[in-house]
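I opened the file to look up a few local features, one at a time. My notes follow.

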Amino acid sequence: MTQLALSSDQAIDCSTFGYDVSPERGAEQLMNPSVFHDPPSDLFIGGNWQPSSDGSTFKVTDPATDEVVVAVANATIEDGLAAVAAAHEAGKTWSQTAPRQRAEILRRAFELMIEHRDDIAQLIVRESGKSWSDATGEVTYAAEFFRWFAEEAVRAVGSLQTAPGGDKKILVLLQPVGVSILVTPWNFPAAMATRKIGPALAAGCTVVLKPASDTPLTALAIGALLAEAGVPAGVVNVLPSRRYDVVSTMLDDPRTRKLSFTGSTWVGRTLLEQAARTIVNCSMELGGNGPFLVFADADLDAAVEGAMVAKMRNAGESCIAANRFYVEAPVADEFSSRLAEAMAALRVGPGLDRENDVGPLVNSAQRDEVAALVDASIAAGATVLTGGSSPDRPGCYYEPTVLTGVDPDDAILGEEIFGPVAPVVTFETEADAIEMANRTEYGLAAYVYTGDLARALRVSEAIDTGMVGVNRGYISDPAAPFGGTKQSGLGREGGHEGLMEFLEHKYLAVDWSAPA
């Protein structure tokens with residue numbers, strides 16, 4: 001059985017997705033030029049690789065070394081409109097392409113991603129900083145969205161029923177929304193792209209992908225891979241840019257019909273305001289502040305293992321990361337001690353060194369934000385069991401950290417930490433745990449560890465989030481609807497629900513009864 005390890009002790013079973021991962025190739029091997037544009041640094045519009053219209057570029061930096069990896073084309077407003085135009089024109093044919101044909105192309109894209117897993121992982125490591133095991137795990141997960149939605153492409157079925165009054169038939173057709181703008185974050189540059197591209201293409205939509213400027217190389221590689229898989233020119237366009245007005249300009253274009261965004265709640269609110277100008281259909285996967293509840297009857301070995309997965313996947317830079325640890329008083333000290341021991345054992349360093357468990361954070365600004373939150377919590381009375389500082393070395397590193405004695409009102413509990421920091425709070429009753437878990441504007445993911453099934457279900461139902469991991473720290477699955485409540489977003493990604501986000505329901509009133 002092949003496993004993708006977050007570390008040697010916290011592994012994700014690849015058989016979850018029903019296949020083995022190919023043996024690793026050397027990290028120094030170059031990407032296959034027959035599949036990937038070399039260098040992957042131009043815009044991809046209408047099936048063509050091209051510089052930005054004004055020739056400008058921006059630099060992509062390796063957070064492990066602070067060295068520049070490559071300069072990437074910086075798309076302009078004109079480039080954005082050209083991409084929308086290309087997607088609109090390609091949509092006339094793609095929307096009419098047989099579902100099975102779209103499915104076969106997505107299936108081929110899945111196979112190519114698995115074949116070139118290490119090539120894509122190398123790009124992810126270089127531009128995002130994550131560890132090698134995290135990067136290869138992400139590619140495996142990302143590829144699965146292409147396979148899942150290849151299977152869903154032929155399941156966009158409508159419905160037929162007789163109206164209650166008997167005067168007509170109610171015929172419901174499902175039709176592609178149309179040109180879709182996809183805006184993705186830097187923390188999972190492959191998976192966040194495929195989680196949006198997969199259902200869009202399966203539904204018959206065409207897309208313009210605007211990746212985060214910290215991590216554009218992975219998105220460009222996926223664009224090249226999709227072209228190799230047989231996606232027609234203009235169906236997928238990839239538009240790196242550091243110009244904030246590019247997305248808003250595309251949203252104002254009447255040919256744009258859909259926005260799918262993953263990122264911070266603050267940016268999501270801004271985009272929703274902009275999308276309102278032209279009533280663009282929106283899906284929003286926004287911030288999280290995941291509570292991790294451990295009751296006294298929980299299996300502590302399993303709880304610590306789950307905490308390491310839920311907290312340390314991608315060094316805590318995940319919207320569904322366990323962010324706040326609420327532990328019942330009788331086991332709080334033991335759980336905290338075990339968690340600190342496991343965190344302290346992690347090896348921190350560059351992701352291309354496959355012996356390392358934790359890479360740097362994505363940039364110095366992110367590292368400094370994490371450090372400021374920890375420093376403020378310590379000043380407010382929290383105790384550091386392990387970590388608590390940035391190591392004295394080049395790169396954007398922060399030590400895996402466990403804080404205890406954290407006050408329930410500590411500011412660190414109100415923020416999405418997005419780093420390898422676990423603040424632990426003690427609770428006395430189930431009602432207290434639920435109240436503290438819900439004490440946030442976010443409602444994305446939560447985790448509950450207990451040996452009592454009735455309690456697990458009762459607490460899971462009471463916590464106001466879109467997803468709950470019950471006695472497990474890994475909940476992501478392309479077959480499941482991913483999304484949140486409250487300020488954590490609108491709509492769902494993954495599952496059959498993810499396909500529905502890119503389809504419009506058209507109702508036809510039809511009377512085919514025999515004439516009197």
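I count a residue as buried when its relative accessible area is under 20%, and as exposed when it is over 50%. I also note at the start that this is a predicted model.

Entry 1, a loop residue. I looked up Asn187, which lies in the loop between strand E9 (179–183) and helix H5 (191–203). Is Asn187 buried or exposed? Its relative accessibility is 5%, so Asn187 counts as buried. I then listed its contacts, leaving aside neighbours within four places in sequence. Asn187 touches Lys130, Glu138, Asn314, Glu317, Ser318, Cys319 and Phe418.

I checked the span of H1, residues 77–94. From first C-alpha to last, its 18 residues reach 25 Å, close to the 26 Å expected at 1.5 Å a residue. Which residues of H1 are buried? I found Asp79, Gly80, Ala83, Val84, Ala86, Ala87, Ala90, Gly91 and Trp94. They cover an arc of only 165° around the axis, which puts them on the same side of H1. I recalled the general rule: an α-helix has 3.6 residues a turn, so residues three or four places apart point the same way. On the face of H1 turned away from the buried side I noted the exposed residues Glu78 and Lys92.

The buried residues in H11 are Gln366, Arg367, Val370, Ala371, Leu373, Val374 and Ser377. Their arc around the axis is only 160°, which means that they sit on the same side of H11. What do the buried residues of H11 pack against? I found strand E17 (401–404) and strand E18 (421–427). Asn363 caps the N-terminal end of H11, with a side-chain oxygen 3.3 Å from the backbone nitrogen of Ala365. After H11 comes Gly381, with a positive phi near 120°.

I traced an open sheet of 3 strands in the order E7-E8-E24, and the pairing is antiparallel. Strand E7 (159–162) and strand E24 (503–510) stand at the edges with a single partner strand each, so one side of each has no neighbour in the sheet. Neighbouring strands here are turned by 20° against each other on average, direction ignored. How many bridges join strand E8 (residues 169–176) to E24? I read off 8, and the two strands run antiparallel. Leu171 stands opposite Leu508 in E24.

Terms used
Residues numbered from 1 in each chain as written. Predicted model: local features only at pLDDT ≥ 70, side-chain atom pairs only at ≥ 80, totals over all residues. Heavy atoms only, no water. Helix = DSSP H or I, 4+ residues; strand = E, 2+ residues; numbered from the N terminus. Expected span 1.5 Å × (residues − 1). Buried < 20%, exposed > 50% of the residue type's maximum accessible area, 1.4 Å probe, protein only. Arc of directions from axis to C-beta. Pairing = 2+ DSSP bridges. Axes fitted to C-alpha atoms, helices over the stretch in contact; angles between N-to-C directions. Contact = heavy atoms within 4.5 Å. Polar contact = N/O pair within 3.5 Å; in protein donor to acceptor, adjacent residues only side chain to side chain.
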